[in-house]
Number of protein chains: 2
Amino acid sequence: MKQFSVVGTDVPRTDGPAKARGSALYTDDMKLPGMLYGRIVRSPLAHARIKHIDTSRAAALPGVKCIVTAEDTPKIKYGNWRLFPETQDEYPLAVDKVRFIGDEVAAVAAIDKDTAEEAIELIQVEYEELPSVFDIDAAMQLGAPVLHDYCPTNISVNRKIKYGDVEKGFSESDYVREDTFTVHAVSHAYLEPCSALAQVDLDGRITLWTSTQVPYIIQCLLASTLGMRENDVRVIKPFIGGGFGGKMELRTWEFCAALMAKMTGRPVKFTLSREEEFLAGRRRHPMKIHSKVGFKKDGTLVAKDLRIQLDGGAYNAMGPTATFLCGNFGAMLYRYPSYRFHGQHVYTNKPPASAMRGFGAPQSLYATEIQMNMAAEDLGMDPIDLRIKNAQVSGDKIPDVATISSCGFIESIKAVAEMSGWKEKRENLKPGHGIGIGCYSFISGGVFNWFNTQYPFSAAEVRAFSDGTVHLLTMAADIGQGSDTVLKQILAEELGLRMEDIRMTSADTSMTPQADLGAWGSRITLMAGNAVIDAARKIKEQLFGAVSARFNLNVIHELECKDGRVQAKAKSEYSLSFGEAVAMVQKANRGEPLVARGSYTPRGKGLVTPAFGFGAQVAEVEVDSETGLVEVKHMWTAHDCGTVINPRSVEGQLAGSIQMGLGYALSEQFVMDGGQTLNTNFADYKMPMALDMPPSDVVHVDTYEPEGPMGAKEAGEGLASPTAPAISDAVYHAIGYRCKELPITPEKILNALKKGS
Amino acid sequence: MKQFSVVGTDVPRTDGPAKARGSALYTDDMKLPGMLYGRIVRSPLAHARIKHIDTSRAAALPGVKCIVTAEDTPKIKYGNWRLFPETQDEYPLAVDKVRFIGDEVAAVAAIDKDTAEEAIELIQVEYEELPSVFDIDAAMQLGAPVLHDYCPTNISVNRKIKYGDVEKGFSESDYVREDTFTVHAVSHAYLEPCSALAQVDLDGRITLWTSTQVPYIIQCLLASTLGMRENDVRVIKPFIGGGFGGKMELRTWEFCAALMAKMTGRPVKFTLSREEEFLAGRRRHPMKIHSKVGFKKDGTLVAKDLRIQLDGGAYNAMGPTATFLCGNFGAMLYRYPSYRFHGQHVYTNKPPASAMRGFGAPQSLYATEIQMNMAAEDLGMDPIDLRIKNAQVSGDKIPDVATISSCGFIESIKAVAEMSGWKEKRENLKPGHGIGIGCYSFISGGVFNWFNTQYPFSAAEVRAFSDGTVHLLTMAADIGQGSDTVLKQILAEELGLRMEDIRMTSADTSMTPQADLGAWGSRITLMAGNAVIDAARKIKEQLFGAVSARFNLNVIHELECKDGRVQAKAKSEYSLSFGEAVAMVQKANRGEPLVARGSYTPRGKGLVTPAFGFGAQVAEVEVDSETGLVEVKHMWTAHDCGTVINPRSVEGQLAGSIQMGLGYALSEQFVMDGGQTLNTNFADYKMPMALDMPPSDVVHVDTYEPEGPMGAKEAGEGLASPTAPAISDAVYHAIGYRCKELPITPEKILNALKKGS
């Protein structure tokens, strides 16, 4: 293994002190002179035709400065950015129809929040109610209410994958099982509600500060929906209080803030309430998953047939991508000689589902992993052994997707079995106690090459100064995951500098180099990290040239940037301080600053991702047979994220994943009455809290990803998948209840115990 | 003349709408969460030793968060930036001694302004008063109080220039005259008082928003006085309400805001009151000017011997540069076969004088021009004819300074004589009415190559986008003079785009390209303009390559950027839109953004400037013999600023110059009682108002400066010089009173009339 100085160490997070002190500015903390406050008028009906909107009473309210409905907009649709343009089905404000309770109909900007709130109550919308549908089975029936005229079937996306001969595979299998799983919607529940602030600048350009994961995509979509040029919009990402996939689309308040700033000449800010977030916010896709798998007697996988229906809610949002990815995740982890997938994205009159941490993997892999455990039982094998037998390894090809490069999957399974005492516990736990396993694989950034950007996928600029500092600029978005710190570490390592030598500017689409596609798909460490290294190497080349010239070095000398110096490796007397070397390059270049741009675009890496992370997790639970409550006693995780750039950050990702996995498995769900979300606050929506967290151990499996920066790959989203199946399997181990319909509520447990007894 | 599309037209100012609407944010308009308000403790004595500072009572005041004295600082001196390092004599907060009334002793930061104000009253400074000196003659006497230990003579700078044989010149002269002039201190009276706001960012770097003309110099000096690295400081220039030379140095409040932000972790803002500005602010140098000139009978100049003593006040500030420049300006306008200059910069216990619009020229040229008028009378020549006889012309060499390139001086003199009806009026005006002339030459940016920057003097970055827009980045500082608009015009012209296609970011030392030395010496149009063109040409080269490749053009084709297209000049069918051409370059470059950096550093242009502006002005006055009041009836100006980039902006510069010139000649002065400034508000300090402005006509003499961008040179400061001598000469013409001691007050006029009658 290569030895690192800064990479691999627990350097403190760049954003830590500001957040600890409370001085970190989130969008809603910002206030500009003359700023107006926006509020959105939302539909109270799940499906209705808009007959008339009367804004006159609101307009007459003193302090109201602007009211907009679809009539004030260019009525340009948006949606899944440049991926499936034909699936773009959403207007910033509803045109003619509303399709879910909470759908955005109009917006008001007023001199203060109370006035805006009062004004939206005065806007009278006359609706003609239409029949609604809240269930995918019903939505797909002939004669079901149609949500979008362009899509009479309500099935907006059909995605198919096929390789090998699946039918032949099943006919040659010794053991075939078929199961249907349903998984439910949960909320991202980021602690910072969405907020956007727009201002028109001197050039007539709109500057939008917004709580987003994807500044560049917002720039593009906002410009297009406003009928403006891409660079008529500048997007700046302030501090972000979490995204988890819920902040990676253009949203109505961003559009309205911009439009109303343009109309009024004043800054306009929208901040959602928690109630709005829960009522109408994006959520993880509920899915119905039918999976059929065939094995040989010895446990060798032969075939898999996977059908998934996604409940998309009223609009496609990122659903087409989720549909696409579900099919890819279904073929991950294990070697499937033949595989068939059919995904369908279905409209219902509910709040749109969209991207959420794992983006199809938590759902798809819940089915995979539970089914593996069931098959293992039937085949009389230990689930660990069955997994190891079929596990993907480095060099495996997934047709049309990728050849797996680094892969520590088997090592992860073995490590987690070892550390959890699997064999022993699986056999000898007390009644009511159980241990279970779940595994994952995940992408390190999406290739999805129909993300038809004209720019590199990630870019970085490095400016080096004679005072020994460097300035790193990148559009990559730190949304709380710590990517700024990680990118600084990578740069410090490459240039032989310390963290305190690096200044950083990120995620301002006007100032940082074009482009970066945003914080999703666990892409930043690998993609932006590679761009940083590319830029740093160009800087080094020039510094090496200066040192070489200064000492008139023989060309065979290997040079290095290390400990703040630029030097010949073999002869330490041929050495300049970093700043001296920069000054020499500048002088040699007639005073021009030493600046380099770097970029990364995955090429020849298939359509999905340049690198896969892997891992395995074991949960131990105790089930209370009186209350039906599941207590998770311990979690063990072994995972392969390649080189660990910042151990504490990776462990932070793990802790967050376990927290989300606990909620997904056991407590979180939207309680719906038809299209109405009933639990719209943190008292009623049961998210696990710090005190609910189980003790946890982790092993980072030692691998080196050749495509990753200094060997690194994803660590952020893969871990969102194994927790629910591990807990679910442990519950089965404890009490014999096999959950095929998440979440595992006390009611289900008690019902199962009742039946079992 | 070359035909331009955007250059030479009255495009609206970029900053106009925001300023008209009141939405332009000046530093004092900014407010950050947790921000503290700073106030400065100033010396009530003109010269004293600080025996003890007791801050305990102030520290005990609730709401006071930070108090600093020199003891809390690294005690690093600053001053004239990298020009004469040995003249740096000022500490951010007084160490041991105070040297003028208003000298900065301590600073307080508190939660609001009132608390800060109350706190400074509670700080008890025990002084031991020292003898003071307020007059340069007294200060230079043996045994005078010494202000700075390092400088027992109180003469901090001796600057000498000599070429030709001056003594021989005088001996060969037919006519020699010697005069002594004194000119007084006036205030910049910018409408925005100084303000600075500092915040520590995530990287531990200090961001300083400050009302400055010189962001990069502030970055360097602030870093050095804080003992930090250059890039530990980021300076951002918000909207500026005028500078005129008064905001081109690091100042105590900038230092204190930064230091206290570092100490408290909270943003700290200082904004000066108008009283502080008048009491202790920088001002134009009072000077005593002794000038001896020798002519041949026919009016040909033979020799000049110029001695100037500058009353520098308590610190050098920009005085050394002023001393230097006075000598250069003394040799301008006319051909002096022999010339000798001796400038002395003298300390007195008054507020420091420093740079102010014209920077030595208004004083030096007042003497030159009045003396020319006196000589013309003695020689029996028309002052116009005497000037034309001796006027510098294109190709003239000024030893050790420059070879004059473009020069429309004679044309200016002729034009102004013509338009004002000089000949006629000089002979036939009514009693009490007079007409007079003054001329000027001025630099277009300073070379002063001991401004030892490691960077180009000006730099620009241009980013071109496929949506047909470009983004211009430059550190050049628009301080209200309109340079952002001018630079956009130059770029639009060069790239064949419209103003609305250009986005601009300027004057942020962290984001814009290193470096620009700031807004002083009328440098931005020429220097930053050249950098913009350099960058634009690099962009064009790449666009031309794309068009050439696309149409497989023969190499003999001349290509152009025009009307938003990139095309072959001869064949309009070989044409792409600007955006299409950019997209092609990007694709050919694997998606890399199309970005180019340009720069300008004057080389081989001597030590002073790459290009000189010239002009002449005629004033017509009426003198009221009852009141002694001078009414300026009309001003005629003809000037040579090369290509006029924005006519309305140039006329704005002219109007502002006349306003300042009126004040300098007639009404403005600091009323001092020893070291105490008595008139510290706009009621008592008599600045001409809009209603005092005379009608004015202007002719732009048509020249093309080869070193300037599209032929342009300075238009901002030269015009600050001719108004006072023109008015003064007109007063002499009207009533026979020749003012050798500015300003021309009613008292002086009445005294003169009394003597004359």
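**Model.** I worked from a predicted model, in which local features need pLDDT of at least 70, side-chain atom pairs count only at pLDDT 80 or more, and totals for chains, interfaces and linings use all residues. Residues are numbered from 1 along each chain as its sequence is written, while chains are lettered from A and ligands numbered from 1 in the order in which they are written.

**Chain A, domains.** I took the bounds from the domain assignment (automatic or from a database): domain 1 is 16-22 + 449-600, domain 2 is 31-130 + 191-242 + 247-280, and domain 3 is 287-447 + 606-756. I noted 37 Å between the C-alpha centres of domain 1 and domain 3 of chain A.

I then examined their contacts (C-beta atoms, placed from the backbone, within 7 Å): 19 residues of domain 1 of chain A meet 22 residues of domain 3 of chain A. On the domain 1 side, H14 (483-495) and H15 (524-551) of chain A each supply at least two residues; helices are DSSP runs of H or I, at least four residues, numbered from the N terminus. H15(A) gives the most to that side, seven residues.

**Chain B, helix pair.** I found that the axes (lines fitted to C-alpha atoms over the stretch in contact) of H17 (647-667) and H18 (723-735) of chain B come within 8 Å and cross at roughly 50°. I listed the residues in contact, including Gly661(B) and Tyr664(B) of H17(B) and Ile727(B) of H18(B).

Conventions:
Contact = placed C-beta atoms within 7 Å. Axes fitted to C-alpha atoms, helices over the stretch in contact; angles between N-to-C directions.
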